[in-house]
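Colleague: I would like to learn how to read side-chain and backbone features in a model. Could we go through them one at a time, with the general idea before each case?

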Amino acid sequence: METLDDLFRRLEQLNDIGASLSNERDINRLLEKILLAAKAITGADGGTLYQLSEDKRHLHFEIVRTDSLGIAFGGTSGQPTSGKFPDLDLYLADGSANDNMVAAYAALNAKTVNIPDAYEAEGFDFSGTRKFDARTGYRSQSFLTVPMQNHEGEIIGVLQLINSLDPATGKVGAFSQADQRLAESLASQAAIALTNRQLVEQLETLFESFIKLINLAIDEKSPYTGGHCQRVPELTMMLADAVDATTEGPLADVKLTEKDRYELRIAALMHDCGKVTTPVHVVDKATKLQTIFDRIHLIDTRFEVVRRDAEVAMWRAIAEGKDRASAEAEIARFCRQIEVDRSTLRRSNVGSERMSDDDVAAVRAIATRYRWQNPEGEWVDFLSAEELENLTIRAGTLTQAEREIINYHIVATIKMLEQLPWPKHLKNVPEYAGGHHERMDGKGYPKGLKREEMSWQARMMGIADIFEALTAKDRPYKEPMKLSEALRVMENFKNNGHIDPDLFEIFRSQTIFLKYAEGFLSESQLDCGTVA
């Protein structure tokens, strides 16, 4: 017979279990803890935890344990229940309640069922249990089946315990009333903990869906950067996992909890949210003269106007007595020069190669070589000051003003993120997301932070953001780099104070770039020069 001290001990155990359940974040581990705690507090040899399906018509086997037979499915066992145990129907084919099954009965009627001996019980179908016993030599005798009811009165699952063992003799007996009350109390606490955890996960899923909605809007806004907001988080977390696994060197003490990982992942997902404020014509600027459309075609038309004006002038000169042969030779030379200059401007407009001083000088000469009459009737230089500025961009397709517009997205990101009332476990998201354009030498933007002023997480995102940009296949102004070339650029960035050297060493030595390449790069980028 149970003593008062034994009961108090079990009540203390129940309190400890309740606290433990409240702290568990992973639902699978939480379900496992619930069943193991119920077994421990009642002395049961085996048990099953069922979870109610979303349509409320089935009970799904989540965790199954029988200690004496060494049976363990679900949870951290490594053996999934899916495909091993069919769902238990709550209703028969005719729609009536499946009250013959004890677990279904407990769920449908919100009542605990305590059966001392299943072989003598009436009113319930234990044929499946008897077949199991015959096959294994086990004897499933006492059953304690408790519905899991949350704080809103909803049944969310069933806890079923099998074979109460006497702690002194190991003999199987019935579950006592004290066992039942403790199991019911535990089931109630567990249901509330499980509901709360599910609610938190649903809110987190909803929150992440809003983030993905913003990222989708950014990626849809520009087909040339589509996928960037999805790829950078993947690469960031690959690097974070590698750092966490490091046991030697300067990063050996950097360890990330599940909360740390979640915070970093959210920051990585939101690192470019400020791009919703960036004008499309700047984000999508594939050529130097592109705004809403590529204005090189206007230059082509302007050349034709100049050619026409020259031809008109030629015929007037001939009409006024100029030698026709010399006039035609002169116009032929002029038209050949037009074709040379047209090719020069077209080549300069692409922006795929760095312009030399001679190239810039050639464009400047063309700007004033011709005069044309604009729509207002004014005779002006062939290229406007704005066109000349664009066509003499040394590298890429953006002017300094446009680069500042692009760079402003990180300022907008920080402003947007700082407006949100972040919970404690996400309070660093603005700092992580807003720091991926800073440099270790303090020459980055927007704050000009130095290495020691930045978190490891922000530095990780900086490496991920740069490597993704170098190897991206969807940028109109450049070909994607091969891995070996991208690694050489990253090595230079490490040496000149752009990226964190310790993190890059992990990125390189742990071949994070190869893991990323397997999922996101084309085969043509995986060149033989890629060596860790």
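This is a predicted model: local features need pLDDT of at least 70, side-chain atom pairs count only at pLDDT 80 or more; totals for chains, interfaces and linings use all residues.

Modeller: Residues are numbered from 1 along each chain as its sequence is written, and side-chain values use heavy atoms, with hydrogens and water left out.

Colleague: How many aromatic pairs are there by the rule you apply?

Modeller: A pair of aromatic rings is described by the distance of the centres and the angle of the planes. Rings of Phe, Tyr and Trp (its six-membered ring) pair if their centres lie within 6.5 Å, and planes under 30 degrees apart count as stacked, over 60 as edge-to-face and the rest as tilted. By this rule the count is 16 aromatic pairs. Take phenylalanine 303 and tyrosine 370, whose ring centres are 5.9 Å apart with the planes at 80°, so that the pair is edge-to-face.

Colleague: Where do phenylalanine 303 and tyrosine 370 lie?

Modeller: Helices (H or I, at least four residues) and strands (E, at least two) are DSSP runs, numbered from the N terminus. Phenylalanine 303 belongs to helix α9 (residues 296-319) and tyrosine 370 to the loop between α11 (357-369) and β9 (371-373), so the pair ties together parts that are 67 residues apart in sequence. Both phenylalanine 303 and tyrosine 370 are buried, where buried means under 20% relative accessible area, exposed over 50% and partly exposed in between (1.4 Å probe, protein chains only).

Colleague: What does the pair of phenylalanine 467 and phenylalanine 507 look like?

Modeller: Phenylalanine 467 and phenylalanine 507 are also edge-to-face, at 5.0 Å centre to centre and 70° between the planes. Since phenylalanine 467 sits in helix α15 (residues 456-471) and phenylalanine 507 in helix α17 (residues 501-509), the pair ties together parts that are 40 residues apart in sequence. Phenylalanine 467 is buried at a relative accessible area of 0%, and phenylalanine 507 is buried at 0% as well. Ring pairs link Phe467, Phe504, Phe507, Phe513, Tyr516 and Phe520 into a cluster.

Colleague: Which charged end sits over the ring of tryptophan 456?

Modeller: A charge sits over a ring if NZ of Lys or CZ of Arg is within 6 Å of the ring centre and within 35 degrees of the ring normal. The charged end of arginine 459 meets this for tryptophan 456, at 4.2 Å from the ring centre, and arginine 130 lies over the face of tyrosine 119 at 5.3 Å from the centre.

Colleague: How do the axes of helix α2 and helix α5 cross?

Modeller: Axes are lines fitted to C-alpha atoms, for helices over the stretch in contact, and angles run from 0 to 180 degrees between N-to-C directions. The axes of α2 (residues 27-42) and α5 (residues 177-221) come within 10 Å and cross at roughly 170°. That makes α2 roughly antiparallel to α5, given that angles under 35 degrees count as roughly parallel, over 145 as roughly antiparallel, 65 to 115 as roughly perpendicular and the rest as oblique. The contact (heavy atoms within 4.5 Å) includes Leu30, Ile34 and Ile41 of α2 and Leu182, Leu186 and Arg197 of α5.

Colleague: Which backbone features deserve attention, for example at proline 446?

Modeller: Most residues other than glycine have a negative phi, and most peptide bonds are trans. The bond from tyrosine 445 to proline 446 is cis, with omega near 10°, and proline 446 lies in the loop between α14 (429-434) and α15. Lysine 56, which is not a glycine, has a positive phi of about 60° and is placed in the loop between β1 (44-52) and β2 (58-66). Alanine 110 has a phi near 55°, lies in the loop between α3 (102-109) and β5 (113-115), and counts as partly exposed at 36% relative accessibility.

Colleague: Is alanine 44 buried or exposed?

Modeller: Alanine 44, in strand β1, counts as buried at 6% relative accessibility. Leaving aside neighbours within four places in sequence, the contacts of alanine 44 include Leu161, Ile162 and Phe175.

Colleague: What does aspartate 465 contact beyond its sequence neighbours?

Modeller: Aspartate 465 is found in helix α15 and is buried, with a relative accessible area of 7%. Apart from neighbours within four places in sequence, aspartate 465 is in contact with His228, Val232, His271, Asp272, His436 and His437. Asparagine 390, in helix α12 (residues 385-391), is buried at 2% and touches, among others beyond four places in sequence, Lys285, Arg295 and Glu402.
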